[in-house]
Each structure stands twice: as structure tokens, then as C-alpha cells.
Amino acid sequence: MQVTTAPSFEASGADVLAVAVSGEPAAELGIAEALEAEGFRPDAGAASLVQTDGRLVAAAGLGDELDADAFRTAAAAVARLVRRSGKSVAWLLDESQPVQLEEQARAVVDGIALGGYDP
């Protein structure tokens with residue numbers, strides 16, 4: 001696993017943009033309708049992959065308790081979702097969440113590593 005930072009999804013070169021969802025999906029991503037069609041609910045551990053504007057977006061539910069564990073669980077769900085596809089993931093950190101960006105980043109890396117593990 002390789003972890004890097006990038007100023008944007010496009011600059012990351014990743015195949016999938018991942019975003020954590022605690023309520024309504026970010027309107028600027030244009031995924032609310034696609035997720036609704038999939039029956040997605042932002043429950044802890046839920047993840048769904050949708051395509052919009054020519055890119056793949058993985059939405060991961062945070063559940064009700066917004067803490068580092070919620071981000072870790074969400075990232076693990078995304079890792080399980082894309083594990084066998086061989087696609088790379090860029091995670092969009094969210095300043096509006098009550099968890100600091102540094103803590104979100106740590107939890108996401110942990111979750112991707114744990115969720116992507118295949119014994």
C-alpha cells in the first residue's frame with residue numbers, strides 16, 4: 001500500500017474518489033441521486049460505488065457517532081468494496097466533519113489497510 005497526498009482528485013491519479021457520508025452526500029459531488037437509486041444509507045460500514053461525470057465515487061457511511069472509529073470503519077468498507085478491482089483510491093477529507101483532518105487521515109489509512117487485508 002502506498003499513501004500520498006495530492007491537492008485534488010485529478011492530481012492524485014487515483015481511479016476512485018472516496019468520500020465519507022454522515023447525512024446527505026456532498027451536493028458538489030453530484031452523487032445524491034445515484035446513491036438514492038442504489039438504496040444507500042449512511043450507516044456505519046455501508047459503502048456504495050457509483051459513477052458520475054465519468055468518475056467512480058465510493059461513498060462510505062459514517063453512522064451516528066462521528067469519531068475516528070467511524071472514519072476507520074468507513075475506509076475499511078471502501079477497501080473491501082474495491083479490493084479485488086485493483087483500482088486505486090483517493091480519499092476526500094472533509095473539514096466540515098467534527099473530526100480534525102489529521103485524525104481523519106490517520107483513521108482512513110488505518111481503515112484502508114485493515115479493510116484491504118486479505119489473508
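I begin with a term I need throughout: a residue is buried under 20% relative accessible area, exposed over 50% and partly exposed in between, with a 1.4 Å probe and protein chains only.

**Ground rules.** I am looking at a predicted model, in which local features need pLDDT of at least 70 and side-chain atom pairs count only at pLDDT 80 or more, while totals for chains, interfaces and linings use all residues. Residues are numbered from 1 along each chain as its sequence is written, and side-chain values use heavy atoms, with hydrogens and water left out.

**Overall form.** I looked up the secondary structure and found four helices and four strands, which follow the order α-β-α-β-β-α-β-α from the N terminus; here helices (H or I, at least four residues) and strands (E, at least two) are DSSP runs numbered from the N terminus. Of the 119 residues, 36% count as buried.

**Charges.** I looked up the charged side chains and found 8 positive and 19 negative, the centres of the two sets lying 9 Å apart. Lys and Arg count as positive and Asp and Glu as negative, without His and the chain ends, and each charge is placed at NZ of Lys, CZ of Arg, CG of Asp or CD of Glu.

**Salt bridges.** I took a salt bridge to be a side-chain nitrogen of Lys or Arg within 4 Å of a carboxyl oxygen of Asp or Glu, and the count comes to four.

What does Glu-10 form a salt bridge with? The partner is Arg-55, with the closest N and O atoms 3.7 Å apart. Glu-10 lies in helix 1 (residues 9-12) and Arg-55 in strand 3 (residues 55-61), so the pair ties together parts that are 45 residues apart in sequence. Glu-10 is exposed at 60% relative accessibility, whereas Arg-55 is partly exposed at 21%.

I found another salt bridge between Arg-41 and Asp-43, at 3.4 Å from N to O; Arg-41 is exposed at 54%, and Asp-43 is partly exposed at 37%.

I also noted that Asp-110 meets Arg-72 in a salt bridge at 3.6 Å, N to O. This pair links helix 4 (residues 101-115), which holds Asp-110, with helix 3 (residues 68-82), which holds Arg-72, the two residues being 38 apart. Asp-110 is partly exposed at 37%, as is Arg-72 at 24%. Through shared partners, salt bridges join Asp-69, Arg-72 and Asp-110 into one network.
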